[in-house]
Every structure is written in structure tokens, then in C-alpha cells.
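Here are some notes for a colleague who is going through this model. They are set out as numbered points, to be read alongside the structure.

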Amino acid sequence: MDQILLLEAAERYLRGEMNPEEKRLFEEMRKNNPEVDQLVVEHQFFLEEMDRYGEIKRFKATLYDTHHTLQENGEIKEVTSSSKGKIAYLWNRYRRVVAVAASIAGITALLISGLTLMITPKAPIQDIEALKRQVNLLEKRTNTQDRQINDVRKKIEPGTAIKFGGTSFLVDPKGYLVTSAHVIQGASRIFLQNSKGQDFHAEIIYTDEQKDLAILKIDDEDYRQPSALPYGISKSSTDLAESVFTLGYPKDEIVYGEGYLSAKTGLKGDTMAYQISIAANPGNSGGPILNEKGEVIGILNARQTAAEGVVFAVKARNIVRMIDELKKKDSSQQIKISRNTTLQNLDRVQQVKKITDCIYMVKVVLK
Amino acid sequence: MSTLEREKELLKGLASNEKEAIETIYRDNYNLIQHLVIHNNGTEDDARDVFQEALIVLYEKAKSGSFELNCQVRTYIYSVCRRIWLKKLQQNRRFETPVENLEETVPVEEDIEQHDKLSHQYSIMRGAMGKIGEPCKSLLEAFYVHHKNMLEIAAFFGYTNADNAKNQKYKCLMRLKKLFFAQYKNGN
């Protein structure tokens, strides 16, 4: 009841229906009691909303009436045509023009063909033969091309059992890729398939079982190296909760996933890895984990079986270390890893579009 | 009267919800908009909805007082309708060919954004009104929308005196406020 009295007072106050004495008392109450003050402010806002609601409602009613009246008086044209209206309209409008144009075209065609028949001398048989040979030549060429295409397809002979699949990504446009060591364990041959479905032969340059990393090199004349990589390999550490994404081949097609960095260490406090909350499946192993700027911060390598969405990734600085080690051992490998990202200010769709070409599926043929 | 003065008069009439002014604006512009909508994958009903929404935009502008007409009413209405219709087409993915421009247009993006905000609040209020049920809804609308006084309301709804009706009105109002603010705070 009190509430109602208060509401009534507030409304009378706002509508200016109070006498000066009442108004003075009420204003004093507002000053001393913040709750009353809040109620008045709130009610004022509400009354304004109410007024506008009323106005629009009345206006809509008028509009409705007007439409109705004008329609009854026939001042608004009723149009019966549906979505095909435009074509019908154009046809009605240009029917005559179309008819005239068609007949002129017909007559002209007849005339020209008649003239051609009259003027043209009979073609010598040799010309026709020559033409035929050319066609044969073309046919031959097409056949050769077909065969070449088949050759490319047969790079992996049918019947070869592909045992394991994983993901890898370029770290140097010359054809050096990084993946997880466990992906290529026990491999006799390795093929990399890009997002367009093309296969390339690759060889293992280096493996580091401890870090669970491996370097592959594409050894295939069909490989066209890109001028530069869109992403860089990050050396610095990443903060908790930073949003990350990955691209990989859990199925025969590239799949995007996103998540966040949930811990700075991996399984049982492993400082070489990050813990990431992301959806990952077998086949995602070896895929890059990228941050918002488009820097590779890790390589996805395992997930916890007991928990949902808990994934571990080897920190990206391990790639740099591994490559340094490799250079010490084998100076013939001139790997220059990409450090700069050009994805910084792009939205995610654009980023992914640029990265996709640098992510390869790893197909392993076991010994 | 020059065209400019005539249009100013029309807008004034529109702002105060005068039937005559609204009828004139309706008569002068409706067929153009109907043509636009129907020839761009729309129906007659679409045309009416789009046109009426545009008139509400114009009404809101005219009422705000800050509106200075720097183009013809016709151009303004056409621009707003075109924009609204394009948006609808895109939402429904019926967008096939770009809507052709038969008339010149003026930029109306901001006005439509403002209108979307207002119409969001309008629909919250309408939703709350729908939820409080009868006779609360009619009682409140009689007072706040149709500006009837409490005596008329008491007589119409069959209350014995105006005070009882008033009491009931405040009870309804409290419920409406609760519903409105719950929705309003959620939505924002």
C-alpha cells in the first residue's frame, strides 16, 4: 500500500498536479530519502517511455486508418503482380521492340547466309584434311596432358596404406615444415597434402623426441614456394586467457578451431608446453596454435583423455631452439624461420584465408 | 504557398498526428514506394510495412524538433524506405540484384539507427503490456495512451468511483514497471 501511495505521489509530482505546499514537502522527502529520489527518476524515465509508446501507438493507428481509407477510395493502386512483376513489366513494355528486332535479325541472317553461299568458292579438299590433322594433334596433346595429370595423381601409388595422419605447417617458405615427432614416428615415407588436395613428397630432416618436434622438408619439384609466410614464430611467452586458434586436418579437409590459453604449463607442470582449451581431435597433432596477432605460439601435440577440451601445445620457442641445434649439427640446412606476421590487423576470416595455404596434412607410410 | 512552406506545414501536421497531413503525405508518396518494393522482390504487404515504418522514422524526426528538412519529404521517405527494404532483403537472404535507384537518395543511416533503438524500446513496452493481461492493459492504455481521465475510466470499466479505479491503475502500473524494467535491463 505504501508503495502505491509513493508511486501516486511521484506521478502527481512529475505531472505537476501537486499544490505548492505538497510539492515542497515531497521535494524535501526526495532530498532526505535516496530511495524516493531513485523512484522519482526511474518513474520519470518510465513515464517518458510510456508517452512515447502511446504516441507511436496512436500514430500507427492513424497510419492504418489512412491506408484503409485511401485504399477504399482507390487512391492507392492495388498491384497484383508478384515477384515476377519485373520481367512481365519489361516484356509488356518492350514487346514490340523485341518483335521488330527479332525479325530484322532473322532477315539479315538469311540474307548473309545466302550471299555467302553465292560468293564462296568451293573449298579445296586439302584444307579440310589439314584441319583434321590439327584436330588430331590437339587430341594428342590433350591425351598427354591427361596422362600427366594421372601421373601426378599416382604419386602415392594406389594400395599404399597411409597409416597416420597429422598436421604440419611451414616455418620457412623454402619448404621447411614443423610437426610433432610422434606423428612421423616409424615412417618410411612421408607425403604432405596441401589444402587444395595436392600431394608432395617430403623427407624428415630432424626429430627431437624429447620436445616432440620434427622438421620436414618438401622434396618435390611440383612445390611452388610462397614469397613469404603470413605468420611469424613467436619467441615471447603468451598470457593466460589469450584467445588462440588452430588449423589442422582431423579429417580430409582443413578444420578451424578456436579456444584460449588456460595454463602456462603443460601436463604435470611441464614448462615446455602450454595448456589450451580448444576442441582437438586425432589429426590435429602438429598443427600451429596462433594468437590474435597471427603469431605461432605453439604446436599442438596432445590432449588429456580424462578431461574434455584440455589440449597441450609445445611452446613455439622450442622450434627456434631445435633449429639452432640442427644448424650446429648440420650446417648444410639453411633454415631461416619466419619472424614477422602480416596478419596483425586482419579479421579472423582473412587471417585464416592467408594461413590455410601454409598448413599441410602429414600422411605417413609405415615401414 | 511555396513547396518548402507547404512541406514544413505537412511535417508539423505529421508531428501532431493530424489525419489530414498524414493522408496527404501518404497519397503523395505511397505509390512510389510500392513500386520500389514490388519491383524488388517484395509484396504489397511488404510495401505497406516499409512505408509505414519510414513514416514513423519521419514522425520521430519531426517530433524531436531538431529536424531540419534539407531535402524534399519525398526524397527523404524514398531514401529511408530503400535502406529499410535493402536491410530486410539482406536479412531474408532474398537479396539477388542490387535494388536499383530510381530516385536520388540522401544519407539516412543515423536516423534509421536511432529509430531501431526507439523501436526496440517500443517493443519492450508492448511486450510488457501484453504480459500484464486484462483489464490492466486496457486500463493503463485508456489513461496513458488515450488520455482519458479517471472519471471516464471508472465509468467505462464499471468501478463505483474514480478512487477505486485509480487504486487499481497504480497496482497495474507497478506490475507493468516491474515487467518493463526486467526486460529493459536484460536487453541493454
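1. Chain A of this predicted model contains seven helices and 13 strands. Of its 367 residues, 28% are buried, and among its contacts with a separation of 6 or more, 64% are between residues 24 or more positions apart.

2. Where chain A meets chain B, 26 residues of chain A are in contact with 29 residues of chain B. The elements of chain A that each give two or more residues to this side are helix H1 (2-14), helix H3 (34-72) and helix H4 (85-119), and of these H3(A) gives the most, with 14 residues. By class, the side of chain A that touches chain B has eleven nonpolar, eight polar and seven charged residues.

3. Helix H2 (residues 20-32) of chain A has 13 residues, which at 1.5 Å a residue should span 18 Å, and this agrees with the 18 Å between its end C-alpha atoms. The number of buried residues in H2(A) is zero, so this helix lies largely in the open.

4. Met272(A) sits in the loop between strand S8 (255-263) and strand S9 (273-277) of chain A. With 18 other C-beta atoms within 10 Å, Met272(A) is partly exposed, because a residue counts as buried at 20 or more and as exposed at 12 or fewer.

5. Leaving aside residues up to four places away in sequence, Met272(A) touches Lys211(A), Gly266(A), Val314(A), Lys315(A) and Asn318(A). One of these, Asn318(A), is 46 residues from Met272(A) along the chain, yet the C-alpha atoms of the two are separated by 7.6 Å.

Note on methods:
Residues numbered from 1 in each chain as written. Chains lettered and ligands numbered in written order. Predicted model: local features only at pLDDT ≥ 70, side-chain atom pairs only at ≥ 80, totals over all residues. Contact = placed C-beta atoms within 7 Å. Helix = DSSP H or I, 4+ residues; strand = E, 2+ residues; numbered from the N terminus. Nonpolar A, V, L, I, M, F, W, Y, C, P; charged D, E, K, R; others polar. Expected span 1.5 Å × (residues − 1).
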